[in-house]
Amino acid sequence: MAEAAPVLAEKTAAGRIPVIELHNVSKTFGEVRSLSGVNFAVYPGEIVGLLGDNGAGKSTLVKTVMGFHRPDPGGEIFFHGKRIDDWSVARARALGIETVYQERALCEKQPIWRNMFMGREPRTKWGLLDVKRMREESARLMSEHMGFTSAAVHPDNVVTTMSGGEKQGVAITRALYFDAELVILDEPTMGLSLTETRKTLDFVGNIKRAGKSAIFIDHNIFHVYPIVDRLYVLDRGKVAGVYDKADISMDDLIDRLYRVARSGSLE
Amino acid sequence: MATETATGKPLNNRVAPPSMLRRHGSQLGIIGVGFAMWLTFVIAAPAVFTNLNIYNAFAQTTPQFGIIALALTFVVITGEIDLSFPSIMALGTAAFCLVTAYGGAPWYLGLVVAFATGAACGLINGLLVAKLSIPSLVITIGTSFLYRGLELVLMNGTGVPLTADKFPEMHKIFREPVFGFPVQTLWMIVLAFVLWVLLNRTRFGAHVFLVGDNPTSARLMGINVVSVKTRAFVLVGVMAVFAGLMTSIYGYYFWPTTGDGFLLYTIASVFLGGTSVFGGTGSVVGSFVAAFIIGAINAGIVSAGINAFYTQLCFGLVIVISVVSQTVIERRIRRQSLTGR
C-alpha cells in the first residue's frame, strides 16, 4: 500500500520536483507509532488535502514537515529535491514554510504585534527590536488581509480579548505575511462561524492563485474536496491512498473513507 | 467584590485601543503604592523623612538585593524561579577572594573569574531546568545547597577582609559615592536601563515573554525554549555575583554566609513589582520600584520610631495587599474580555 504514493505522485507531477517530500518517514512516541513509512510530496502550485480519522497521524505528519518532530532514523526529508538532515522549525520557516496550527500557536497574554512576528521579530539597524514597525505592520495586516477595520483590532490588544475567528485571523495573517512558499493549514475552520469559514477557504484559494502550495487538513470533506488538487488519505499512521481529484468523485471518496474507517482498507 | 464604575468604560472596549491604565496598570499601581507609602512615612516622621540621610542609607543597601531582582524578573517571566542566587552570590565572591586575596591575581582578573563562576552556576541551573525539564522550584533548592556547600568547602568556612587599601579599585566601583550620590543606586539605575532594553527591545526579551506565556506555541513557531530559559538563568547568576561583590565590599569583608537573608526580599520585589508567577507578564520597572519599596520599609519603620518588630508585619501587609489587588484587577480585565465588554 505504501508503494501507491510515489507512483501516483509521479503521474501528477509529470517530472516536476516537489517543494517538500517526505520519504519513508516514521515517527514513534514511546510505544505509540504515529507514522509508519509515510511517503508524501507537495508540488509547486498545488493544494494537497490530508484526510483521515482522529489519530490517523495528520497532525504528526504536519509537525514533521514543519520540523517540530524529527522523523525516526531511516526517514528522509527533501526540500526542492535536496535532502536536508538538520530539519528544524526555524529552518523550515526560513525556507518559506508556514503553518496555521490547529491549536493556533498563539501566546494569549501577549499583544497582537508580538504574536504576529513571533520567532522572526524585525530588528533595526542597531540590532534592537523594531517595535514601532511591528505595531504598524500588525495594524496594516489586520485591516488589509483579514478585513478588520483598523479600529476594530488594535495591535496592542492582547490575544485573550479576541474572538475565535479573530485569533484564527492572526494565525493565518502571520502565515501569509512572510510570503510563504508552502502554507500548511491544520483544521483551520475548527470552531469558526460560517462567514469566518468562508473567508478562510477563500484564503486557501488565494494561495493557489499566487502560485504557492498548501497542505489543507480538515475533518469536513465538503471543505476539503472543492479546493484541493490531490488528496492523501491517512489511516493509523499509514498512507492508505492518494488520489488526483480528477480521478475520484466526492461520493466515491466519502464511500472509501467510510470503508477505511471500518476495515482499514480502501478497496 | 470590586464595584464597577459605569463611567470611563467604553461602550465596547474591543473597538478601542487598550487604555494607558490597562497597558501599564501594574507598573502604575506599584508606583502608586510606593508613593502612598512614602507619604505615610513623611507624615509619621517628618523630621526623619525630609532629611536626606535616610535616603542615603537605603540607597546603599537596597541595590544589594534589588539588582538581583531585576534579573530574576526574566526567569520569573519565563515561568520559572531561581532560589539558588544567594548561594551564587557567595560562591562568586569566594571565587574573587580565592583568585585575588589568596592567589595574588589583580582585581580585574578576580572580577572575570567571579562573573564566570556566576555564569557557570546559572548555566547549570538553566540546563537542568530547561533541558531536563526539572521543576525549577525543586532543582534550584538542590543547587542552592550545592553552591553554598562548595563555597564553604573552598573557603574552609572562613571570611576574607576586603579593605579599601588592598582593593582600592573595587571600592571605587562598588562603594564610593559618585559626586555624593550612592554608587549602588547608580549601578541599579544603569542596570535597570540595560535590562529594560534587553527585555523590551531585543529578540531575546521578546522570546522571554513568549516562552513564559506558552512554551508549546513558542516551540511551534521555531523559538528555542531551552536556550531562552538557560540564558535567563545565566543572567541571574551573573547579576547575583555582581550583588555579592557589592554587598561584600560594602561591608569591607567577605562573609562565608553572604546572601543569607536575601532570598525573600529579592523574590518579594519581583512579585510585588507585578511580575506574574504564572509567567508571560512582568516588568523590570516594576521590580525596580518594588525593590525600593521593600528597602524603604526596612529603613523607614525603624527611622520613623516604630518598633522594629513591626517591620515584618508591615512587609506582609504591603506584599499581600499589593498582590491580591493585582490579581483582582487582572481577573476583572479577563472577565471583561470574555463578556466582550
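In which handedness of crossing does α6(B) pass α12(B)? In this predicted model, the crossing is right-handed. The two elements are helix α6 (residues 107-131) and helix α12 (residues 225-250), both of chain B. Their axes come within 7 Å. The crossing angle is roughly 145°. Sorted by class, the contact of α6(B) with α12(B) holds 18 nonpolar, 7 polar and 2 charged residues.

Helix α12(B) also figures in the largest nonpolar core. This core has 161 residues. Five members touch the most other members: A:F216, B:I68, B:L70, B:V236 and B:M239. The largest share of the core comes from α12(B), which gives 15 residues. In chain A, domain 1 (1-96 + 182-267) and domain 2 (106-179) both contribute residues, so the core lies between them. In soluble globular proteins, nonpolar side chains tend to be buried together. The contacts of B:M239 were examined individually. Not counting residues up to four places away in sequence, B:M239 touches B:I67, B:I68, B:L70 and B:A71.

The overall make-up of chain B was computed next. Its secondary structure comes to 15 helices and 2 strands. Chain B has 341 residues, and 46% of them are buried. Sequence separation was then considered for contacts within chain B. Among those between residues at least 6 apart in sequence, 76% join residues at least 24 apart.

One residue of chain B, B:L198, was followed in detail. B:L198 lies in helix α9 (residues 183-200) of chain B. It counts as buried because it has 20 C-beta neighbours inside 10 Å. B:L198 touches B:F204 and B:G205, leaving aside residues up to four places away in sequence. B:L198 and B:F74 are 124 residues apart in sequence. In space, C-alpha to C-alpha, B:L198 and B:F74 are 9.7 Å apart.

The interface between the chains was then described. On the chain B side, 23 residues are in contact with 25 residues of chain A. Three helices of chain B each supply at least two residues to the side that touches chain A: α10 (203-213), α11 (215-220) and α15 (310-339). Of the elements on this side, α10(B) gives the most, with 5 residues. By class, the side of chain B that touches chain A has 9 nonpolar, 7 polar and 7 charged residues.

Attention then turned to chain A. The domain assignment gives domain 1 (1-96 + 182-267) and domain 2 (106-179). Contact between them involves 9 residues of domain 1 and 7 residues of domain 2. On the side of domain 1 that touches domain 2, helix α7 (residues 194-209) of chain A gives the most, with 3 residues. That side of domain 1 has 4 nonpolar, 3 polar and 2 charged residues.

A further helix of chain A, α2 (residues 58-65), is mostly covered. Of its 8 residues, 7 are buried. After α2(A) comes A:G67. The phi of A:G67 is positive, near 90°.

Notes. Residues numbered from 1 in each chain as written. Chains lettered and ligands numbered in written order. Predicted model: local features only at pLDDT ≥ 70, side-chain atom pairs only at ≥ 80, totals over all residues. Axes fitted to C-alpha atoms, helices over the stretch in contact; angles between N-to-C directions. Helix = DSSP H or I, 4+ residues; strand = E, 2+ residues; numbered from the N terminus. Left-handed = near helix turned anticlockwise from the far one by under 90°. Nonpolar A, V, L, I, M, F, W, Y, C, P; charged D, E, K, R; others polar. Core = buried A, V, L, I, M, F, W, Y, C linked by C-beta atoms within 7 Å. Buried ≥ 20, exposed ≤ 12 C-beta atoms within 10 Å, placed from the backbone. Domains from an automatic or database assignment. Contact = placed C-beta atoms within 7 Å.
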